[in-house]
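Keep the 3D view open as you read.

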Amino acid sequence: MFKRLPGDETRNLVTTTPDTAVVFRPAVVTTPAIITIVIVAWRLLAGLVRTIWRHPIAVTTASTPAVITLVYGWGTALLLTTPVPVGLVAWALTDRSSFARWVGYRLLAWWRLIWVYRRHWQPVMVVSGLGRHLRGRDYLPRLGKITCTSWADTVTVRMLDGQAVKDWTDRTDHLAHGFGATSCRVTVATAGRLMLTFPRRDPLATAIPALPIPEEPSVGPVEVGKQEDGRPWLLKVHGTHVLVAGATGAGKGSVIWSTIRGLLPAVRAGLVEIWALDPKLMELSFGRVLFGSRYAADPADCADLLDDAVKVMQARAARFAGHQRAHTPTVDDPFVLVLVDEVAFLTAYQSDKDLRRRISAALATLTTQGRAVGVGVMAALQDPRKEVMNIRNLFPDKIALRLDESEQVDMVLGDGARNRGALADRISARPELGAGVAYVRLETSPDPVRVRAAYVADDDIRDMVAEFASASEVGKEVR
Ligand SMILES: Nc1ncnc2c1ncn2[C@@H]1O[C@H](COP(=O)(O)OP(=O)(O)OP(=O)(O)O)[C@@H](O)[C@H]1O
């Protein structure tokens with residue numbers, strides 16, 4: 001007698017245990033041997049053609065000695081092929097970087113494709129839930145090209161039909177640990193195709209000393225450090241507003257001072273004015289002479305300075321109206337960068353209600369209307385919660401240094417930033433490893449970029465003061 005089971009259960013039930021009431025005998029269809037042989041041979045042939053098509057140089061390199069040996073004997077083969085490895089070794093010894101670019105990283109990519117990604121692809125995809133094993137068949141995202149750089153592997157992936165980018169960004173931890181990396185970043189390459197970045201080492205693990213002051217005056221983008229891929233980190237300040245968030249000791253000072261350092265020649269030329277608000281009386285006071293009269297520490301003075309900045313902005317807006325829509329820095333209309341260290345001291349933690357209201361209104365006005373007329377705000381803060389900084393969304397460009405909690409990452413960089421790999425809460429709290437390391441999310445790109453700001457030490461600031469102390473005054477004189 002068959003035991004009645006509800007719903008679909010009977011359909012999937014297969015058991016051969018003698019004492020079970022329900023016994024199904026699976027149907028066995030025997031495939032003729034010739035068909036199996038044809039299928040295997042076809043697959044081998046297709047694999048060979050695919051390998052030759054995809055890796056013509058590697059196949060030629062590997063097969064040439066064999067062909068020469070067959071045709072002319074091993075002596076000739078040895079004589080003809082020995083120069084190749086000798087030449088490669090000589091190349092590696094004389095020009096390491098070009099050898100790495102043309103040969104080394106390609107070999108490494110091939111090796112990592114075989115040994116790491118292809119070997120672990122199926123289990124990692126199935127266990128992480130990105131692939132499915134249904135009725136004996138695997139449905140897996142397709143592993144594409146692997147590219148190696150000096151610090152990371154980038155892996156292109158074709159998603160399964162119906163998958164969303166979020167399915168992948170939610171599983172970056174599974175992917176990182178599955179493929180033996182410390183982290184994984186997901187970026188969209190084209191529709192349906194993703195690029196996964198797995199760092200092999202941390203290129204930002206050593207501190208970067210203060211960068212040379214530019215020779216030519218420029219309003220930016222200012223070089224303030226290095227990106228993870230080794231390129232300079234260029235921070236745009238003119239035409240935007242920048243929010244810098246980080247726990248205490250995260251290195252906010254290095255971002256602020258590197259920016260000031262890069263702008264000093266333009267300050268001297270009269271193309272930039274830096275207005276400094278330093279309510280903590282710590283960070284900016286060290287080089288306060290650089291800001292001339294545009295420095296304030298007391299909250300009431302800070303409110304006055306901000307109101308002045310709003311007046312400059314409104315006067316310009318009135319002059320520019322109907323004539324120009326974008327600002328070009330000139331000696332008459334320099335770019336004004338309002339720098340605010342620990343902005344929460346002036347807003348959320350300010351006990352004087354009137355001052356708090358004035359300062360918040362001025363900051364909101366500057367961040368909503370300032371950039372088109374050449375007034376930018378760069379504000380630093382420790383605690384990014386909305387109660388503390390309710391205008392954080394008015395800053396188009398955001399920098400998250402080390403943060404205390406994972407939830408704070410999206411508060412600073414915007415929704416989904418942490419899932420896309422901005423692990424600001426995991427930046428090392430050891431200053432030599434993590435101070436100045438940050439994730440940047442620009443208005444123009446949803447993908448966070450990992451960077452490290454150069455460290456402007458006290459001695460560097462002293463030198464800057466010695467060389468540029470009168471710069472702000474010079475700017476005035478020029479006008
Ligand atoms: N870019 C950097 N590279 C290496 N070390 C750095 C860097 N920036 C800061 N440090 C180190 O970390 C320490 C703390 O930095 P800093 O005072 O700038 O942090 P902060 O975020 O401004 O902290 P707080 O909010 O408490 O003022 C510095 O004294 C310095 O030793």
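Let's begin with helix α10: its buried residues are Pro-299, Cys-302, Ala-303, Leu-305, Leu-306, Ala-309, Val-310, Val-312, Met-313 and Arg-316. Buried here means that 20 or more other C-beta atoms lie within 10 Å of the residue's own, with exposed at 12 or fewer, partly exposed in between, and C-beta atoms placed from the backbone. Helices (H or I, at least four residues) and strands (E, at least two) are DSSP runs, numbered from the N terminus.

A word on the source: this is a predicted model, where local features need pLDDT of at least 70, side-chain atom pairs count only at pLDDT 80 or more, and totals for chains, interfaces and linings use all residues. Residues are numbered from 1 along each chain as its sequence is written.

What do the buried residues of α10 pack against? They pack against β10, β11, β12, α11 (353–369) and β13; contact means C-beta atoms, placed from the backbone, within 7 Å. Just after α10, Gly-322 has a positive phi of about 80 degrees.

Strands β12 and β13 run parallel and are joined by five bridges, and Val-340 stands opposite Ala-379 in β13.

Here are some of the strands by residue range:

| β12 | 335–340 |
| β13 | 375–381 |

Now for the loop between β6 (193–199) and β7 (222–227), where you'll find Val-219. Why does Val-219 count as buried? Because it has 24 C-beta neighbours inside 10 Å. Leaving aside neighbours within four places in sequence, Val-219 is in contact with His-238, Ala-266, Leu-271, Val-272, Pro-329 and Phe-335.

Finally, the ligand: 16 residues surround it, the closest being Gly-251, Gly-253, Ser-254, Ala-435 and Gly-436. Near means a C-beta atom, placed from the backbone, within 6 Å. Helix α9 (residues 252–268) gives the largest share of this shell, three residues.

Conventions: Two strands pair if DSSP finds at least two bridges between them. Two residues are in contact if their C-beta atoms, placed from the backbone, lie within 7 Å.
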